[in-house]
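Let's take a friendly walk through a protein model. Have the sequence and the 3D view open, and follow along as we go.

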Amino acid sequence: MPSYDNPQKSLPKASVLIVDDEPMVLRTLKRDLIKMGYRTVSASDPSIALAMLEVRHFDVVLTDLQLPLNNGEVFAVHAARTAPSTPIVVITGEDSLRRIHDQLERITVETVIPKPHHPSALGEALQKAILQSQQRLHGQEGEARIIATGLVRALALRDIETESHSRRVAAWAAILA
């Protein structure tokens, strides 16, 4: 059973983008995640958070649903489009399950955590989201490798003289990917 208190044991230096408009909540989340071993970047403005997602990879996005101007639902939709392979974990003070469901209808989130959060539940949710994301990514890599191998074999059947060259190119492509 993985330890959720110290994700570094199984997830070295996972990065989390924290998005919340309440400075105290933002500081508390950042402090708790740093104690758990995560690298964190925080943003109180959703547009800044989206800009960060465009230029940097994060292992998970932790966002509130109640954000000013550009509410949390809109942010989450844009975050999912900007970084489709990055899991989104929602933390919210909203107590109406119906309203939470309505707000998240257009996106897929890994989990919803109520405010005030419990650090161990937060750590468990983040680690689970990151592990599932990594498993999906490894599955896609395996599929890509099978396709590349098939293409190399097709080339080998077509032109035996370039077969070893094609294999070397495929191996280098896999290493670079």
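What follows is a short tour, from the whole chain down to single residues.

## Ground rules

This is a predicted model, where local features need pLDDT of at least 70 and side-chain atom pairs count only at pLDDT 80 or more, while totals for chains, interfaces and linings use all residues. Residues are numbered from 1 along each chain as its sequence is written, and side-chain values use heavy atoms, with hydrogens and water left out.

## The whole chain

Start with the big picture: the protein chain has 6 helices and 5 strands. Here, helices (H or I, at least four residues) and strands (E, at least two) are DSSP runs, numbered from the N terminus.

How much of the chain is buried? Of its 177 residues, 37% are buried. "Buried" means under 20% relative accessible area, "exposed" means over 50%, and "partly exposed" is in between (1.4 Å probe, protein chains only). The accessible surface comes to about 10,800 Å², and carbon and sulfur atoms hold 57% of that. Those areas come from the Shrake-Rupley method with a 1.4 Å probe; for residues, only the protein chains shown count as cover.

Now for contacts, meaning heavy atoms within 4.5 Å. Take the contacts between residues at least 6 apart in sequence: 67% of them join residues at least 24 apart.

## Strands side by side

Strands β1 and β2 run parallel and are joined by 5 bridges. (Two strands pair if DSSP finds at least two bridges between them.) In this pair, Ile18 sits opposite Ser42 of β2. To get from β1 to β2 the chain passes through α1, and this β-α-β crossover is right-handed. That label applies if, with the strands pointing away from the viewer, the path from the first strand over the helix to the second runs clockwise.

Next, look at β4 (residues 88-92). It pairs with β3 in the parallel sense over 4 bridges, and Thr63 stands opposite Val90 there. Another 4 bridges join β4 to β5 (residues 111-114), again running parallel, with Val112 as the β5 partner of Val90.

Why is β4 described as largely enclosed by the rest of the structure? Because 5 of its 5 residues are buried. In a regular strand, side chains alternate between the two faces of the sheet. Both faces of β4 are covered: Ile88, Val90 and Thr92 are buried on one side, Val89 and Ile91 on the other.

Which residues of helix α2 (residues 46-55) are buried? They are Pro46, Ala49, Leu50, Met52 and Leu53. Seen down the axis of α2, these buried residues fall within an arc of 160°, so they line one face of the helix. (The arc is that of the directions from the helix axis to the C-beta atoms.) An α-helix has 3.6 residues a turn, so residues three or four places apart point the same way.

The cover over the buried residues of α2 includes β1 (15-19), β2 (39-43), β3 (60-64) and α3 (72-82). On the other side of α2, Glu54 and Val55 are exposed.

## Zooming in on Val16

Val16 belongs to strand β1 and is buried, with a relative accessible area of 0%. Although 24 residues separate Val16 and Thr40 in sequence, their C-alpha atoms are 4.9 Å apart in space. Leaving out residues up to four places away in sequence, the residues Val16 touches include Leu33, Tyr38, Phe58 and Leu126.

## Charged partners

The structure holds 4 salt bridges, each being a side-chain nitrogen of Lys or Arg within 4 Å of a carboxyl oxygen of Asp or Glu. In one of them, Lys115 meets Asp20, with the closest N and O atoms 2.7 Å apart. Lys115 lies in the loop between β5 and α5 (119-158) and Asp20 in the loop between β1 and α1 (23-35), so the pair ties together parts that are 95 residues apart in sequence. Asp20 counts as buried, at 0% relative accessibility.

Lys115 also forms a salt bridge with Asp64 (3.0 Å, N to O). Asp64 is in strand β3, so this pair links parts 51 residues apart in sequence. Shared partners join Asp20, Glu22, Asp64 and Lys115 into one salt-bridge network.
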